[in-house]
Amino acid sequence: MDSMIKILDHPLIQHKISLLRDKNTDCKDFRELVKEISMLIAYEATRDLPLSEVCMETPVAIAKTKIIAGRKMVFIPILRAGLGMVDGAVTLIPAAKVGHIGLCRSENKSKVTEYYCKLPYDVIERDVIVMDLMLATGVSAITAISKVKEIGARSIKFMCVVACPEGAKALREAHPDVAVFCGAMDDGLNDELYIVPGIGDGGDRIFGTK
Ligand code: URA
């Protein structure tokens, strides 16, 4: 698989995604698992944050040590399922700002229309992580990333919990510069454009709307 697509096979992520797949997992547990998985994925997605060396006085001596080199981040969930991932990401990086992009699918699900976009005024100075629960056809991720690029952001990553090869390929072709971090790469899409085996409708399962 492409080096820009990172499938995070950490045992904790695999275990938690297995629990998400269980159709008997209720809304409360599903939400909690999405938060935990998102935290683990965000941990990997921020592995390359630059560090700078500082001196800290410990109770014993002066330590030459490292801190994150003043890079600012913004998380941009795609509404609505991406919202479920924000809690985990901001638990890890509390100083990050959060923007929102709302996209709704057309009847045949092959196109999306933007119905909401609110981003921090300084988004172009920040490292951006766009997030959605699923990378299915890739249309939503491609549209959201295009929007963020139009505004001028240049450092962009994408993270999702479950992806499939169709979405990963489409996203790679549209935005070859964007690294993708996912918790699982499933088999593919069915005729209704659900990921198989997948986790079902992520938004409905997070928000209990079905
Ligand atoms: N969106 C979902 O919620 N589930 C899928 O399987 C694909 C897209």
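A backbone N or O atom of Gly-200 lies 2.8 Å from a nitrogen atom of the ligand, where a polar contact denotes a pair of N or O atoms within 3.5 Å. The model is predicted: local features require pLDDT of at least 70, side-chain atom pairs count only at pLDDT 80 or more, and totals for chains, interfaces and linings use all residues. Residues are numbered from 1 along each chain as its sequence is written, and side-chain values use heavy atoms, with hydrogens and water left out.

Polar backbone atoms of Ile-195 and of Gly-202 each lie 2.7 Å from an oxygen atom of the ligand.

The residues around the ligand (a heavy atom within 4 Å) include Met-134, Ala-136, Leu-193, Tyr-194 and Asp-201. By class, this shell has 5 nonpolar, 2 polar and 1 charged residues, with Tyr and Met counted as nonpolar, Asp as charged and Gly as polar.

The structure holds 0 disulfides, a disulfide being a pair of cysteine sulfur atoms within 2.5 Å. For Cys-117, which is in no disulfide, the nearest cysteine sulfur is that of Cys-104, 14 Å away. Cys-117 is partly exposed, with a relative accessible area of 27%, and Cys-27 is likewise partly exposed, at 24% (buried is under 20%, exposed over 50%, partly exposed in between; 1.4 Å probe, protein chains only).

Conventions: A polar contact is a pair of N or O atoms within 3.5 Å; within protein, one must be able to donate a hydrogen and the other to accept it, and residues adjacent in sequence count only if both atoms are side-chain atoms.
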